[in-house]
Amino acid sequence: MDGTMNNLAATITPRATALRKTSGIPIAMLTAYDYPSARLLEEAGIDWILVGDSLGMVVLGYPDTTSVTLADMVHHTSAVARGLSHTPLIADLPIGTYNTEETALNSARELLKAGAHAVKLEGGVSHCAQIAALSAAGIPVMGHIGMLPQSVREEGGYKIKGKTPEQGDALVADALAVEAAGAFSMVVELVQPETARRIQMAVNIPTIGIGAGQYCDGQVLVTHDLVGSFPWFRPKFVTPAASLGEGLRTAAQQWATSLKETKANREH
Ligand code: KIV
């Protein structure tokens, strides 16, 4: 990694990203897990790139994110980093790698060594100590509140959060705690849109929504959902803008058919 990439981490501060929020220009964040997609997303002008632990589902074939390891994240983060020259790269801390402040620091340092400029972790009030420890060590942290995919098994599925005023109050408390602990931004996942609006208004740092309606300072999507390259599952809130999975299947079928026809013709 060159000096430009290292210096990027210093620009991802709560103060700098708060200015992004007040500009009113939405932040576009997409996931990448490998070199070519990272490079293409940077060429497309995507603001922030996330090596999400959604890696577990859309690349590694697990049913959810709970099997993803730190070694998986390091491997894919370094591939993504090789594809970027100037786009901030945020990497997820996978499940079980940030239970204490010390493990959070050690795990985050591995991701930074692999080329990440910032890390993301799931949890609000419950994880402020880890966010504060990382921030105090100069490691930019993105929070993640609302539906927490690493808790999907305990939760029994991907359910909308913040439907009642009490749940909304708890989410606003999470958001304020994440901000106070030093995060530069936070993902707000599967939150009822009016509650996402309350959260957006309550904090000074940008909220990045996914399945949380339009009242966020930015949006994030799993790129495979956007481009249709994981056609066996599509979240309800995504309208794919391409059908890359179908394109791959068709290209492969046509190539194999023409190969077999050519061989059959040669034999006659
Ligand atoms: O793992 C991931 O890709 C994420 C986004 C969906 C926010 O956390």
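In the predicted model, an N or O atom in the side chain of Asp53 lies 3.1 Å from a ligand oxygen. Residues are numbered from 1 along each chain as its sequence is written. Local features need pLDDT of at least 70 and side-chain atom pairs pLDDT 80 or more, totals for chains, interfaces and linings use all residues, and side-chain values use heavy atoms, without hydrogens or water.

A polar side-chain atom of Asp92 is 3.2 Å from an oxygen atom of the ligand. For Lys120, a side-chain N or O atom is 2.8 Å from a ligand oxygen. The ligand taken alone exposes 260 Å², of which the protein buries 96%; areas come from the Shrake-Rupley method with a 1.4 Å probe.

The shell around the ligand (heavy atoms within 4 Å) includes Thr31, Leu50, Gly52, Ser54, His144 and Ile210. By class, this shell has five nonpolar, four polar and three charged residues. Asp, Glu, Lys and Arg count as charged; Ala, Val, Leu, Ile, Met, Phe, Trp, Tyr, Cys and Pro count as nonpolar; the others, Gly among them, count as polar.

The structure holds zero disulfides (cysteine sulfur pairs within 2.5 Å). Cys128 counts as buried because its relative accessibility is 18%, under the 20% limit (1.4 Å probe, protein chains only; exposed is over 50%, partly exposed in between). Cys216, at 12%, also counts as buried.

Key: A polar contact is a pair of N or O atoms within 3.5 Å; within protein, one must be able to donate a hydrogen and the other to accept it, and residues adjacent in sequence count only if both atoms are side-chain atoms.
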